Amino acid sequence: MTIAFWTLLIAIMLPWLMALIKKTRSGVHRKYDNRSPRLSEQTLEGVSQRVSWAEQNSYEILPAYIAAIVVSYLVGAEQYCIDIIASIFIASRIVYCLCYIKNWCSLRSASWVVGLMCIIAIFIASAV
């Protein structure tokens, strides 16, 4: 199995990790109520709310990333190149989630752009 395929597993698990952090984090603010998750989402504040937003964004970018990796495999793109870009994508997503948790807005936006550029780069590498 290629590195890029392993990064798919990491990308799939990242929102689950954010959900786990959201659900188990206890603090000053109201705790997450797993009996009524939709209502609980609306009452989150502070770090818990930011973790929830990081989780949601991780789900939102996942289909594009999966598509990029699958297309690169189907067209026989240079695997070494795809593996490097895929690794950078995962690193950018981890940084993105950490920045969301720490409320570092500018760095968070920059890491989001890096992740998006990685997806585009994988498609471009697949086209050449």
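In this predicted model, the count of cavities of 30 Å³ or more comes to two. The second largest cavity holds about 40 Å³ of space, while the largest pocket holds about 240 Å³. Around these spaces the chain is built from five helices and zero strands.

**The second largest cavity**

- The largest share comes from α3, which supplies three residues to the lining of the second largest cavity.
- By class, the lining of the second largest cavity has five nonpolar residues, one polar residue and one charged residue.
- Some of these lining residues turn up again in the helix contacts: A11 and L14 of α1 belong to the contact with α4, as do F89 and R93 on the α4 side.

**The largest pocket**

- Which residues lie nearest the centre of the largest pocket? They are K22, R38, E41, S52 and Q56, out of 12 residues that line the pocket.
- The elements that give two or more residues to this lining are α2, spanning 37-43, and α3, spanning 46-75.
- Of these, α3 gives the most, with six residues in the lining of the largest pocket.
- The lining of the largest pocket is made up of five nonpolar, three polar and four charged residues.

**Overall layout**

- The C-alpha atoms of the chain fill a box of roughly 50 × 30 × 20 Å along the principal axes.

**How the helices pack**

A quick reminder before the pairs: two packed helices are described by the angle between their axes and the distance between the axes.

*α1 with α4*

- Helix α1 (residues 3-24) packs with helix α4 (residues 79-102) at an angle of about 15 degrees, and their axes are 8 Å apart.
- Because angles under 35 degrees count as roughly parallel, α1 is roughly parallel to α4.
- The crossing of α1 and α4 is left-handed.
- On the α1 side, the contact with α4 is made by I3, A4, T7, I10, A11, L14 and M18.
- On the α4 side, the residues that meet α1 are Q79, I82, D83, A86, S87, F89, I90, R93, I94, C97 and I101.
- The contact of α1 with α4 consists of 13 nonpolar, three polar and two charged residues.

*α4 with α5*

- The axes of α4 and helix α5 (residues 105-127) come within 8 Å and cross at roughly 160 degrees.
- Angles over 145 degrees count as roughly antiparallel, so α4 and α5 are roughly antiparallel to each other.
- The crossing of α4 past α5 is left-handed.
- From α4, the residues in this contact are C81, I82, I85, A86, I88, F89, S92, R93, V95, Y96, C99 and Y100.
- From α5, the partners are L107, R108, S111, W112, V114, G115, C118, I119, A121, I122 and A125.
- The contact of α4 with α5 has 18 nonpolar, three polar and two charged residues.

*α1 with α3*

- Helices α1 and α3 pack at an angle of about 165 degrees, with 9 Å between their axes.
- At that angle, α1 and α3 are therefore roughly antiparallel to each other.
- The crossing of α1 and α3 is left-handed.
- By class, the contact of α1 with α3 contains 19 nonpolar, four polar and two charged residues.

How values were computed. Residues numbered from 1 in each chain as written. Predicted model: local features only at pLDDT ≥ 70, side-chain atom pairs only at ≥ 80, totals over all residues. Heavy atoms only, no water. 1 Å grid on protein atoms, 1.4 Å probe; cavity = no way out; pocket = protein on both sides within 12 Å on 5 of 7 lines; lining within 4 Å. Points joined across faces, edges and corners; volume = space filled by probe spheres on them. Helix = DSSP H or I, 4+ residues; strand = E, 2+ residues; numbered from the N terminus. Nonpolar A, V, L, I, M, F, W, Y, C, P; charged D, E, K, R; others polar. Axes fitted to C-alpha atoms, helices over the stretch in contact; angles between N-to-C directions. Parallel < 35°, antiparallel > 145°, perpendicular 65-115°, else oblique. Left-handed = near helix turned anticlockwise from the far one by under 90°. Contact = heavy atoms within 4.5 Å.
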